[in-house]
Amino acid sequence: MSRRIGAKRIDPISDGWPSQLREIRRQLGGRSSLLPHHFLEAVLPKIGGACVALFQDEGGVAGSPCGYAFLLPRGTGEDGATYTLRYEHVDGSPALGADAVTSAVGEVLAPEQKTHFYLPDADHTFTPTHIDLDGVICGRPDADEAAEVRTMQQSIWNSPPDGLYPSDLHSDEGGIGCSLVARVDGVLAGFLLGFFRFPTGPAGAGMYMYRQDLQLESQLLAVAPGKRRRRIAQLLKRLQARQAVEQGIDLINWTTDPLLFANALLNFNRLGAVACEFQPSLYSFRNELNRVIASRLSIIWAVRSRRVQLALRGGGQPGPSEVETDPGLTIVNRADGAPLFGATTARIAIEIPSDWVTLQRQEMSTAQRWRDITNRLLDHYLGSQPGRYFITGTGVAGSRRFIIGERVDDSLLEGLFAPAVREVDRPS
């Protein structure tokens, strides 16, 4: 009986993807090379990735899956898009060679889509780099640092094993978009991990002048608890911006919890990023920092824009504004009380908890009310259409904390996304 390798593309944007993913993970077991469940469920579709099941076809009858190919965007060129084919073999199934896997996967891809075969558990090379930024050593990790990144992720988020990113991602062969670590006094102090992203929708308002076919999805940023007053996160993001420009990438995307004030201060004030999309339940997981439903803002960082480059040079507005002295601003909620949905002023202020992490830990019912109210406000006000709002900054009123939205018109879009004349400052 003749045997051939068959392939079936699994659609990660279908309603059945979460249940299919659970079955895939059951077949593959708890191996440490697997990408996190929440990444595969929510992020893989967003970055234009895919999953392909491989099986032995015996006489026209498909057998059980013998492996899975997870396709991660790797780059683009004149011949089309390239994916890293991250192959995971089902234990106990007939072994498949690289050529057989690549050929089978190619049959379910478009002709202009190519793959780069990659085995997570093979031997890999790591080429570390070291740049001194204000006394913090930043750059690509070596093999030991890559392993430390996984340990740091677990300690900060208290993530289960299936929520941790594999250490091999940081290798030269891994092909991900960004891998950076920061060391202080010889100790790992932070890391930044990102993936290349193919567009999955039309260009956003005001961004038509920027490259769309290849972007960066900045997935995970962490700083060790004892190192959080040295602006390590800002240094890592600055280096990420430099690398993106060198790679010809104009747009970097990531998500953030809208109720984390420190993150908002970094993203909007110090980095010059903006947000006009809101996802009320992006992730299904729960961990130390996400004890209630994981709502997220979708961040846009146009690294060649005048706004971003001014922020990277220390210009712009590095701190929060005083909301009560702004005559063109409407505060649309007071704590977790009744929200206001009729604001039409040039700016709005959405109040958020002063310490969201502690609130979740100590007062879950109050935290849930905050989440419900701010979810409704963000869903109502955010958008890129005229009359809607971009989140662009932060505000304070005594001990109260806010994120600030600006009403969309042509002038705002010009201010947010106009390209700068000079390039992003390069760290020396």
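Tutor: The largest nonpolar core holds 76 residues; Leu54, Leu71, Val105, Ile232, Trp301 and Tyr381 have the most contacts inside it. This is a predicted model, in which local features need pLDDT of at least 70, side-chain atom pairs count only at pLDDT 80 or more, and totals for chains, interfaces and linings use all residues. Numbering runs from 1 along each chain as its sequence is written, and side-chain values use heavy atoms, leaving out hydrogens and water.

Student: What makes a set of residues a nonpolar core?

Tutor: Its members are buried Ala, Val, Leu, Ile, Met, Phe, Trp, Tyr and Cys residues, joined through side-chain atoms within 4.5 Å. Helices (H or I, at least four residues) and strands (E, at least two) are DSSP runs, numbered from the N terminus. A second, separate core has 33 residues, including Ile10, Trp17, Leu28 and Leu72.

Student: Why is Ser218 called buried?

Tutor: Its relative accessibility is 6%. Buried means under 20% relative accessible area, exposed over 50%, partly exposed in between (1.4 Å probe, protein chains only). So Ser218, at 6%, counts as buried. Ser218 is found in strand E10.

Student: What makes the pair Ser218 and Lys237 a polar contact?

Tutor: Their side chains are joined at 3.2 Å. The rule asks for a pair of N or O atoms within 3.5 Å; within protein, one must be able to donate a hydrogen and the other to accept it, and residues adjacent in sequence count only if both atoms are side-chain atoms. At 3.2 Å, the pair is therefore within the cut-off.

Student: Why does Asp257 count as buried?

Tutor: Asp257 has 5% relative accessibility, so it counts as buried. Asp257 lies in the loop between strand E11 (251-256) and helix H6 (261-270). The side chain of Asp257 makes a polar contact of 3.1 Å with the side chain of Trp356. A polar atom of the Asp257 side chain also lies 3.0 Å from the backbone nitrogen of Leu259.

Student: How do you know which residues line the second largest pocket?

Tutor: On a 1 Å grid over the protein atoms alone, a pocket is an open set of points where a 1.4 Å probe fits, with protein on both sides within 12 Å along at least five of seven lines; lining residues have an atom within 4 Å of a point. About 520 Å³ of space lies in the second largest pocket. Of its 26 lining residues, Arg197, Pro202, Gly204, Asn253 and Glu277 are the closest to its centre. E11 gives the most to this lining, with four residues.

Key:
Grid points are joined across faces, edges and corners, and a volume is the space filled by probe spheres set on the points.
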